[in-house]
Amino acid sequence: MHMSTDNTPSPLLEASPDSLDELMSRNPEAWSDADLDRLVNALRAQRAKFDLSESEGKRPAVTRKAKPKAVSIEDLGF
Amino acid sequence: MYNFQHNSSFHPDVPMLQQGWDSTSLGEFKLCPRKYFYTIILGYAPRGESVHLTFGLHYHSSLEAYDHAKSTGANHTEALRAAIRHAAKVTWNEKLNRPWVSDDSYKNRETLIRTIVWYLDQFREDPLNTVQLANGKPAVELSFRFETSYTAPGGLPYLLSGHLDRLGTLDGTPYVLDRKTTKSALSPRYFEEYSPDNQFTLYSLAGRVVYNTDVKGIIVDAAQIGANFSRFQREFVYRTQAQLNEWYHDLGFWLEQAQGMAVVASANWLVSPPAETILNAAKFYPMNDKACRLYGGCPFRGICSKSPESRARWLKADFVSRRWDPLVARGDV
């Protein structure tokens with residue numbers, strides 16, 4: 001099997017939060033077009049995830065109170 | 001030096017009389033003459049950054065970078081890079097060699113860049129066609145200025161000025177595009193607040209007067225900024241010719257009020273101009289004490305709540321001076 005000798009990390013690895021944090025902490029004067037594209041791809045992936053959660057109607061879980069049982073006078077012991 | 005001194009928007013002979021007005025200064029005067037005196041005439045602004053102002057400025061200038069790149073033939077990918085590069089640069093502190101630090105979880109460098117990318121992707125195929133100006137340039141980030149029929153002492157005309165994000169046509173109908181950012185939900189109530197609205201009526205009027213187009217109103221591209229998301233909604237805010245006429249008629253009243261106050265305040269100041277006495281002129285600009293709690297609270301509430309003789313000290317301690325000249329152009333005029 002042919003093994004690539006290219007040391008360039010995969011785009012997915014590159015788009016990891018750590019690498020983006022590292023990019024954001026660098027002086028943007030030194031950002032390359034590839035850096036910008038990587039950032040854009042990560043933000044698009046973030047949007048796809050957000051759009052999916054929106055379409056699934058995900059909302060914070062609401063704790064519903066149990067309906068109180070009907071209580072009769074007899075139950076209260078009067 | 002105070003804002004009204006050596007400022008092209010002020011009258012040459014009546015120092016505190018503003019002759020060139022934009023929606024910000026007119027809005028401040030309508031809201032509260034005292035606040036107008038502090039912010040526009042004297043130029044006081046709270047110490048410390050307003051994250052909303054900073055975020056809004058960076059958002060607008062980054063989208064402008066996109067529009068300009070597109071107008072010079074760049075494709076979406078290239079123009080998007082230009083916008084992000086711009087946003088990254090304006091939020092980089094060269095002196096400290098570190099990014100802009102915001103303590104707001106909604107409005108910070110990361111949410112700014114995210115909002116720019118998501119917005120531009122969403123409106124990549126924008127049906128709003130940018131108007132081409134007579135000089136061949138696209139009508140984006142336009143500074144406008146025009147004379148009104150109202151006159152200041154000496155016969156000088158009052159001027160109206162401002163900046164339009166973009167002028168475009170949708171199905172052949174011209175509109176002014178304005179981009180807003182907010183933390184609020186983009187509900188019908190959010191958009192209802194733009195009718196009536198000082199800024200949007202002025203911009204509609206400017207679209208008609210300056211660019212000689214039959215502008216129907218404003219297209220608002222609102223961006224709701226959340227900590228982990230940005231949402232966008234485009235809505236139409238219409239203005240009829242009768243509404244524009246009504247606003248323009250009322251403008252005469254406001255200018256007359258402002259002139260009356262400025263003439264008396266300037267005369268007093270010219271008699272005794274030392275800086276220490278300038279705040280005495282505040283008495284000619286009445287407080288609107290029903291507006292103190294509006295829009296999240298007036299920054300000068302702490303000043304107005306003090307006894308008049310101690311206000312100068314508090315102003316110097318808690319505020320900084322800045323320049324605000326509505327007649328300074330930003331983009332193409």
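Angles under 35 degrees count as roughly parallel, over 145 as roughly antiparallel, 65 to 115 as roughly perpendicular and the rest as oblique. This is a predicted model, in which local features need pLDDT of at least 70 and side-chain atom pairs pLDDT 80 or more, while totals for chains, interfaces and linings use all residues. Residues are numbered from 1 along each chain as written, chains are lettered from A in the order written, and side-chain values use heavy atoms, without hydrogens or water.

**View 1. Helix 3 of chain A meets helix 4 of chain B.** Helix 3 of chain A (residues 33-55) packs on helix 4 of chain B at about 95°, with the axes 10 Å apart; the two helices are therefore roughly perpendicular. Axes are lines fitted to C-alpha atoms over the stretch in contact, with angles from 0 to 180 degrees between N-to-C directions. Helices are DSSP runs (H or I, at least four residues), as are strands (E, at least two), numbered from the N terminus.

**View 2. A salt bridge joins A:Asp37 and B:Arg81.** Their side chains come to 3.0 Å, N to O. Six salt bridges (Lys or Arg side-chain nitrogen within 4 Å of an Asp or Glu carboxyl oxygen) cross the interface of chain B and chain A.

**View 3. The whole contact between chain B and chain A.** Here 25 residues of chain B face 19 residues of chain A. About 2,000 Å² is buried (accessible area, 1.4 Å probe, lost on being put together, summed over both parts), with 57% from carbon and sulfur atoms. B:Arg81, B:Arg85 and B:Trp118 supply 31% of the area that chain B buries against chain A.

Note on methods: Contact = heavy atoms within 4.5 Å. Buried area = accessible area lost by both parts, 1.4 Å probe.
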